[in-house]
Amino acid sequence: MVRINAKLDPTKTGRDAEYLEASLRKLIVGQDEAIEQIVNIYQMHSTGMNAPGRPVGTFLFLGPTGTGKTRIVEATAECLVRNPRAVIKIDCGEFQHSHEIAKLIGSPPGYLGHRETHPLLSQEVLNQFHTDRCKISFVLFDEIEKASDALWNLLLGILDKATLTLGDNRKVDFSRALIFMTSNVGAAEMSAILNPKVGFASPHRAEMESGAVGDKTKRKVSNSGIEAARRKFPPEFVNRADKIVVFKPLGQDQLRRVLDIELGMVQQRVFDSSGVNAFVFSPTDSAKDYLLKEGTDVKYGARPLKRAIEKLLVHPMSNLIATDQVRGGDMVRVDFDGDDGKLVFLKEAEGMPPHYMQQITAASLNALNGATGLLLNEENARVAARGGRKNL
Ligand SMILES: Nc1ncnc2c1ncn2[C@@H]1O[C@H](COP(=O)(O)OP(=O)(O)OP(=O)(O)O)[C@@H](O)[C@H]1O
Ligand SMILES: [Mg+2]
């Protein structure tokens, strides 16, 4: 029976949008506003409610370095088309001159080399990562403040009409594209708020030293970013961006969560690529503290974290694999040795069956589980089990 006068709830989101939001929250730390905006736009698109003849959505991401501006674009692609590399990335600084613009759109017929140029922004390139379930393309213009006038005009056309005209006059349709733009404008002002010069009394100093970034500071950073963007970019551009989001500096707790996500990705890599050598590693809290200390910086956010993980954890582990000290089915505890000031690796168990390895990682790495499908690939699991037992 149809009920009339039933109150409807317009704040509820659909299942796909809910899934996207939950998945992004597992991968991206401390940037709720950016997640919400992406999810809103995605839902508008999936219900056919977004403005016709325009890209699915256009975002301008500002904010300090190493806070997730690029990562959230990859993560969105990862969640929607299961491929973080599905992002077509254009570093605006690399397209300053007209011959460089030709790399993007190809050169007109008759020009030398016309036939050999494959424009970076053709329809085929745009559509190459579409899946049966999701036909959205992800285009990222990085550091737009470095764009030349020619690139700028091209970008305005895409934002306005969702169309790009290639050198040979073919049209590229961007109406199924999410356009992300990042910029470092205002970075100096933002970092002046975050990193006052040594010796200067600052109301934010104590909070930065304690690792917590308060709401007031975040608001200040946010406002200074948006003001800088309005000063730097022409109004017709700022008005064309559906959403401008200033990414927030990450505090110590958030960096710790980023570390957990990164460690989960390393475990996933071990599962994906090790075949017979799939094993489980488990870092202790003091090992994590050490990685965090070595890999984060108020100034560079989470940017140096990956490098620290590669150098201090992944590289030694690859030595352990190469020298047969770690084999399929092993459990390796990673601890911090305070006397030596470095990580130590201890074999805690061996010959673990794949389903057990899966259980352990699901429990300890549930920050990731579900978002990227952190599962021991079935085939790897079987091989690891055989290899593991055979070797041990
Ligand atoms: N908010 C976050 N959530 C999860 N991971 C993050 C976050 N911020 C940074 N990271 C980690 O740090 C790395 C660097 O971050 P990212 O490339 O997104 O920085 P950015 O904000 O684009 O900086 P830049 O302005 O220098 O380009 C990411 O690959 C990711 O591993
Ligand atoms: Mg970036």
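Student: How many bridges join strand β3 (residues 137-142) to strand β6 (residues 177-182)?

Tutor: Strands of a sheet pair through backbone hydrogen bonds, either parallel or antiparallel. Here β3 and β6 run parallel and are joined by 5 bridges; Val-139, for example, has Ile-179 in β6 as its bridge partner. Strands (E, at least two residues) and helices (H or I, at least four) are DSSP runs numbered from the N terminus, and two strands pair if DSSP finds at least two bridges between them. This is a predicted model, in which local features need pLDDT of at least 70, side-chain atom pairs count only at pLDDT 80 or more, and totals for chains, interfaces and linings use all residues. Residues are numbered from 1 along each chain as its sequence is written, while chains are lettered from A and ligands numbered from 1 in the order in which they are written.

Student: Which order do the strands of the 5-stranded sheet have?

Tutor: This open sheet reads β2-β3-β6-β1-β7, with parallel pairing. Because β2 (87-91) and β7 (243-246) at the edges each have a single partner strand, one side of each is left without a neighbour in the sheet. From one strand to the next, the twist averages 20°. Axes are lines fitted to C-alpha atoms, for helices over the stretch in contact, with angles from 0 to 180 degrees between N-to-C directions.

Student: Which strands does helix α3 (residues 69-81) lie across?

Tutor: Helix α3 lies across β1 (57-62), β2, β3 and β6, at about 170° to β3. Contact means C-beta atoms, placed from the backbone, within 7 Å.

Student: What is the pairing in the sheet β8-β9-β10?

Tutor: The pairing in this open sheet of 3 strands is mixed. β8 (280-283) and β10 (342-349) are the edges, each with a single partner strand, so one side of each lacks a neighbour in the sheet. The twist averages 30° from one strand to the next. β8 and β9 (residues 331-337) run parallel, joined by 4 bridges, and Ser-282 stands opposite Arg-333 in β9. Helix α13 lies across β8, β9 and β10, at about 50° to β10.

Student: Which residues come nearest to ligand 1?

Tutor: Thr-65, Gly-68, Lys-69, Thr-70 and Arg-71 do, out of 22 around ligand 1; a residue is near if its C-beta atom, placed from the backbone, lies within 6 Å. α3, α11 (252-273) and α13 (305-322) each give two or more residues to this shell.

Student: How far can I trust the coordinates?

Tutor: Where pLDDT is low, the predicted coordinates should not be read in detail. pLDDT is the predictor's confidence in each residue, from 0 to 100. The chain's mean is 84, with 85% of residues at 70 or more. Over residues 198-203 the value is below 50.

Definitions and conventions:
Contact = placed C-beta atoms within 7 Å.
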